[in-house]
Amino acid sequence: MTAGAWALDAPDASAAPRRRPRPATPEEALRELSAGNRRWRAFREKHPHETRAVRNELVSGQHPFAVVLGCIDSRVPPELVFDQGLGDLMTVRSAGEVLDEAVLGSVAYGVLELDIPLVMVLGHQACGAVSAAVHADETGATLPAHIQFVAEQIKPAIDRSLEGAARIDATITAQVRLVRARLAAEPDLAARIAAGRLAVVGARYELTSQAVHAIG
């Protein structure tokens, strides 16, 4: 799937409210996220799937349509920026979208056990984890406790062709690309991608505009 096939700011195909069952293909899942982000940006959120009936329905099982691997930043909760509700998204969050075995296992669970058709790696503007990693790399400083592990995982994405704020911003995007590539190369996920059952995509949330856009 090409980035142009799923631009998150593309026009919504239908103004009709979504009905269960969930989006079943990567393309449908991306369209749903796109529509939700447009509602969020326009302050027209629906806050879907929060009713008593939905809560009761979800007691017997879940059928989320996307895994969103995002940062822990409190300003970028996926359920809000995509205007989704209970049972819609499986969210996995780590500083700077850093991968470890627990994160990989969580993503794999969503795809392999729940048959989710879309994984999105969602970076964001002004990422503190990336800023800390770049600063530590430039100064040689050692970060406290387990934060150093996060910095080391982000280090391969650092864009050394730029300086200052531009380096941090470029590294945010590069980190999304790196994590997306690593996930797409996981054998179990790669097999589903090859079969057309899964897409693993990169995207970025801009705090200044509240828009999510694709990272190819």
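From the N terminus on, this protein's elements go α-α-β-α-β-α-β-α-α-α-α-β-β, with helices (H or I, at least four residues) and strands (E, at least two) taken as DSSP runs numbered from the N terminus. The model is a predicted one, so local features need pLDDT of at least 70 and side-chain atom pairs count only at pLDDT 80 or more, while totals for chains, interfaces and linings use all residues. Residues are numbered from 1 along each chain as its sequence is written, and side-chain values use heavy atoms, with hydrogens and water left out.

**Exercise 1. The whole chain**

Work out how many helices and strands the protein has, and what its radius of gyration is beside that of a compact globule with 216 residues.

Step 1: for the globule rule, take 2.2 Å times the number of residues to the power 0.38, with the radius of gyration itself taken over C-alpha atoms. A compact globule with 216 residues would come out near 17 Å, and the protein has 17 Å, so the two agree.

Step 2: look at the box. Along the principal axes, the C-alpha atoms fill roughly 55 × 35 × 35 Å.

Step 3: Buried residues make up 45% of the 216; buried means under 20% relative accessible area, exposed over 50%, and partly exposed in between (1.4 Å probe, protein chains only). Of the contacts (heavy atoms within 4.5 Å) with a separation of 6 or more, 73% are between residues 24 or more positions apart.

**Exercise 2. H4 against H8**

Find the angle at which the axes of H4 and H8 cross, and say which residues meet there.

Step 1: get the geometry. Axes are lines fitted to C-alpha atoms, for helices over the stretch in contact, and angles run from 0 to 180 degrees between N-to-C directions. The axes of H4 (residues 101-113) and H8 (residues 187-194) come within 10 Å and cross at roughly 40 degrees.

Step 2: classify it. That angle makes H4 oblique to H8, given that under 35 degrees counts as roughly parallel, over 145 as roughly antiparallel, 65 to 115 as roughly perpendicular and the rest as oblique.

Step 3: H4 and H8 make a left-handed crossing; left-handed is when the near helix is turned anticlockwise from the far one by less than a right angle, and right-handed is when it's turned clockwise.

Step 4: list the partners. H4 brings Val107, Val111 and Leu112, and H8 brings Asp188, Leu189 and Arg192. Sorted by type, the residues of this contact are 4 nonpolar, no polar and 2 charged. Here Ala, Val, Leu, Ile, Met, Phe, Trp, Tyr, Cys and Pro count as nonpolar, Asp, Glu, Lys and Arg as charged, and the others, Gly among them, as polar.

**Exercise 3. H5 against H7**

Step 1: H5 (residues 128-139) and H7 (residues 164-185) pack at about 120 degrees, with their axes 9 Å apart.

Step 2: these two helices are therefore oblique to each other, and the crossing is right-handed.

Step 3: Val130, Ser131, Val134 and Glu138 of H5 meet Arg167, Ile168, Thr171 and Ile172 of H7. That splits into 4 nonpolar, 2 polar and 2 charged residues.

**Exercise 4. Around Asp83**

Is Asp83 buried or exposed, and what is its phi?

Step 1: read off the accessibility. With a relative accessible area of 2%, Asp83 is buried.

Step 2: check the backbone. Phi of Asp83 is positive, about 45 degrees, although Asp83 is not a glycine.

Step 3: look at Pro48, in the loop between helix H1 (26-41) and helix H2 (52-58). Pro48 is buried at 15%, and its C-alpha atom is 7.3 Å from that of Asp83, 35 residues apart along the chain. Beyond its neighbours within four places in sequence, Pro48 contacts Asp83, Gln84, Gly85, Leu86 and Asp88.

Step 4: bring in Ala35, which sits in helix H1 and is buried at 7%.
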